[in-house]
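Hi everyone, and thanks for coming. Please have a look at it first.

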Amino acid sequence: MTTTPTGTAEDTAALLDVRALRKVYQGRGRGVEAVSDLSFTVDAGELVCIVGPSGAGKTTLLRCVAGLLDCTSGEVVLEGQKVTGPPVGMAVVFQEYGRSLFPWMTVRENVERPLKEKKVPRAERQRLVREALEAVGLAEVHDAHPWQLSGGMQQRVAIARAVAYEPHILLMDEPFAAVDAQTRADLEDLVRALWKRLGVTVLFVTHDIDESVYLGQRVIVLSNSPTVVLEDVTIDLPDERDQLTTRSAPHFAELRAHVYRLIQQAKEGHRPAG
Ligand SMILES: Nc1ncnc2c1ncn2[C@@H]1O[C@H](COP(=O)(O)OP(=O)(O)OP(=O)(O)O)[C@@H](O)[C@H]1O
């Protein structure tokens with residue numbers, strides 16, 4: 001069991017509710033307060049990006065949301081249940097695809113593995129794996145091993161594995177930081193396409209301001225550590241986005257500049273007013 005019911009969850013319709021999250025790492029002698037007080041919600045079907053300067057606590061936040069790390073105080077509530085371990089309805093895609101795929105398994109076996117653990121019946125598993133590999137454009141290489149594929153293709157496998165699992169929420173932790181710029185653009189479009197097609201909720205952590213504005217419906221900007229939310233920016237760009245038109249739109253530039261200024265303020269130690 002990875003989640004426990006919370007009596008206070010009924011007051012929110014949000015899929016994910018991060019409430020006054022605080023994380024202090026206990027070191028030798030003294031604690032390090034990485035996250036001070038983080039609160040935000042994500043509604044079902046939203047695509048929300050988190051940005052912040054290096055060391056802002058993005059990974060700490062994501063690990064707490066994923067139930068991989070205990071918070072010191074506050075709570076993470078997913079679908080009305082307090083997260084106390086990796087939740088069933090969640091899948092995570094990490095930056096280091098090389099370490100998250102099993103090299104001795106084929107692409108198909110890698111994607112299928114979590115479904116076996118979830119005890120999905122065989123025929124259903126095969127359908128989900130086939131559809132997920134088709135969705136990321138890798139149907140042809142289902143029998144290859146990860147080490148036979150490029151970095152971008154390996155990350156597509158990791159995305160297919162997450163998608164096949166049919167999560168209610170997909171967490172992505174700087175998933176494209178290790179691929180080249182062209183592949184990154186393709187993968188960004190893949191995430192938007194899958195998000196629209198599947199209706200999955202996505203929480204996407206990145207240090208890349210342009211990427212956050214291009215992908216998100218909202219961008220939550222974090223202060224530097226000990227972390228609070230500096231601003232929750234609504235990205236009111238048209239829903240149909242593409243790399244050329246969207247990125248060259250004047251309003252994209254305005255939003256990008258706004259988030260950029262917030263990150264500069266974060267680096268200078270600004271905190272939200274009040
Ligand atoms: N295990 C740990 N023990 C002590 N302090 C830690 C530990 N992990 C992270 N920290 C500290 O917590 C703060 C936030 O770290 P975290 O890795 O979450 O930030 P980040 O925003 O993901 O950074 P980056 O963008 O550089 O990956 C930093 O000051 C970091 O030094």
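What you see is a predicted model, in which local features need pLDDT of at least 70, side-chain atom pairs count only at pLDDT 80 or more, and totals for chains, interfaces and linings use all residues. Residues are numbered from 1 along each chain as its sequence is written. The pLDDT is the predictor's confidence in each residue, from 0 to 100. For the protein chain the mean pLDDT is 90, with 95% of its residues at 70 or more. The model also scores ipTM 0.96 and pTM 0.91.

Now to the helices. When I say helix or strand, I mean DSSP runs numbered from the N terminus: H or I with at least four residues for helices, E with at least two for strands. Axes are lines fitted to C-alpha atoms, for helices over the stretch in contact, and angles run from 0 to 180 degrees between N-to-C directions.

Let's begin with helix 3, residues 107-117, and helix 4, residues 122-135: their axes come within 10 Å and cross at roughly 130°. That makes helix 3 oblique to helix 4. For the wording, angles under 35 degrees count as roughly parallel, over 145 as roughly antiparallel, 65 to 115 as roughly perpendicular and the rest as oblique. On the helix 3 side, the contact includes Val111 and Leu115, and on the helix 4 side it includes Leu128 and Val129. Contact here means that the C-beta atoms, placed from the backbone, lie within 7 Å. The residues of this contact divide into seven nonpolar, no polar and four charged. In these classes, Ala, Val, Leu, Ile, Met, Phe, Trp, Tyr, Cys and Pro are nonpolar, Asp, Glu, Lys and Arg are charged, and the others, Gly among them, are polar.

Helix 4 also meets helix 5, residues 151-164, with axes that come within 9 Å and cross at roughly 135°. That makes helix 4 oblique to helix 5 as well. Leu128, Val129, Ala132, Leu133 and Ala135 of helix 4 touch Ala160, Val163 and Ala164 of helix 5. By class, this contact has eight nonpolar, no polar and no charged residues.

And how do helix 3 and helix 5 pack? Their angle is about 30°, with the axes 8 Å apart. That makes helix 3 roughly parallel to helix 5. Among the residues that meet are Asn110 and Pro114 in helix 3, and Val157 and Arg161 in helix 5. This contact divides into seven nonpolar, one polar and one charged.

Finally, the backbone. The peptide bond from Ser225 to Pro226 is cis, with omega near -5°, and Pro226 sits in the loop between strand 10 (218-222) and strand 11 (227-234). Glu79 has a positive phi of about 50° although it is not a glycine; look for Glu79 in the loop between strand 5 (73-78) and strand 6 (81-83).

Key: Two residues are in contact if their C-beta atoms, placed from the backbone, lie within 7 Å.
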